[in-house]
Amino acid sequence: MASDPLITVLKLATEAEEQAAMQLKSAQFEKQKRQGQLDALNNYRLDYMKQMKGQQGQSLSANQYHQFHQFIKQVDNAITQQVAAVKDAEQQVGYRQSHWLEKQQKRKAIEMLLAQKAQKAQIAESRREQKMSDEFAMQQYIRQRRDK
């Protein structure tokens with residue numbers, strides 16, 4: 001059974017599954033990274049808003065007020081882009097996970113085929129041994145009858 005082509009197929013399927021698992025792990029890491037960046041942007045915006053709220057009693061020039069709004073607008077745009085990046089990363093994780101599950105199912109199917117093949121070979125070997133044992137017992141019986 002060492003030269004069974006299914007063993008080679010199993011090896012290839014296992015390698016493909018491992019590759020898919022690494023791609024899934026990479027996609028999950030990328031999603032976490034992007035989510036971390038989004039969280040940082042949201043926290044930065046919140047801190048900036050708190051800072052500006054602390055200056056509320058002070059008089060702001062029209063230029064300072066305009067710059068504040070422009071800056072918040074830029075941060076909001078960055079947040080919007082990062083939300084899209086996180087959604088894209090989530091889609092990649094979903095795709096990579098289904099790809100990995102597909103490869104895992106294929107490997108398990110090949111393992112099951114190999115197990116069935118081994119079981120059939122074991123049954124055939126058992127039957128062959130039983131047949132030889134029966135023939136030996138029959139020959140022994142015939143010799144005993146002849147010798148009497």
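Mentor: Thr80 lies in helix H2, where helices (H or I, at least four residues) and strands (E, at least two) are DSSP runs numbered from the N terminus. The model is a predicted one, in which local features need pLDDT of at least 70 and side-chain atom pairs count only at pLDDT 80 or more, while totals for chains, interfaces and linings use all residues. Residues are numbered from 1 along each chain as its sequence is written, and side-chain values use heavy atoms, with hydrogens and water left out.

With a relative accessible area of 53%, Thr80 is exposed; the scale calls a residue buried under 20%, exposed over 50% and partly exposed in between, using a 1.4 Å probe and protein chains only. From the C-alpha atom of Thr80 to that of Gln122, 42 residues along the chain, the separation is 63 Å. Gln82 is also found in helix H2, but at 13% relative accessibility Gln82 counts as buried. Leaving aside residues up to four places away in sequence, Gln82 touches Arg34, Gln37, Leu38 and Leu41, a contact being heavy atoms within 4.5 Å. Gln91, again in helix H2, is exposed, with a relative accessible area of 58%, and its C-alpha atom lies 32 Å from that of Met112, which is 21 residues away in sequence.

Gly36 belongs to helix H1 and is partly exposed, at a relative accessible area of 36%. Although Gly36 and Val86 are 50 residues apart along the chain, their C-alpha atoms are separated by 9.5 Å.

A search of the whole structure finds three aromatic pairs, where rings of Phe, Tyr and Trp (its six-membered ring) pair if their centres lie within 6.5 Å, planes under 30 degrees apart being stacked, over 60 edge-to-face and the rest tilted. In one of the pairs, Tyr44 and Phe71, the ring centres are 5.8 Å apart and the planes stand at 75°, so the arrangement is edge-to-face. Because Tyr44 lies in helix H1 (residues 5–54) and Phe71 in helix H2 (residues 62–147), this pair ties together parts that are 27 residues apart in sequence. Tyr44 is partly exposed, with a relative accessible area of 44%, and Phe71 counts as partly exposed at 26%. The rings of Tyr48 and Phe71 have centres 4.7 Å apart and planes at 55°, so that pair is tilted. Here too distant parts of the chain are linked, with Tyr48 in helix H1 and Phe71 in helix H2, 23 residues apart. Together Tyr44, Tyr48, Phe68 and Phe71 form one aromatic cluster.

Now for the chain as a whole. The protein chain has two helices and zero strands. Its radius of gyration is 35 Å, well over the 15 Å that the globule rule gives for 148 residues, so the chain is more spread out than a compact globule; the radius is taken over C-alpha atoms, and the rule is 2.2 Å times the number of residues to the power 0.38. Along the principal axes, the C-alpha trace spans about 130 × 25 × 15 Å. Buried residues make up 16% of the 148 residues. Of the contacts in the chain with a separation of 6 or more, 90% come from residues 24 or more positions apart. The chain exposes about 11,700 Å², and carbon and sulfur atoms supply 53% of that area, as given by the Shrake-Rupley method with a 1.4 Å probe.
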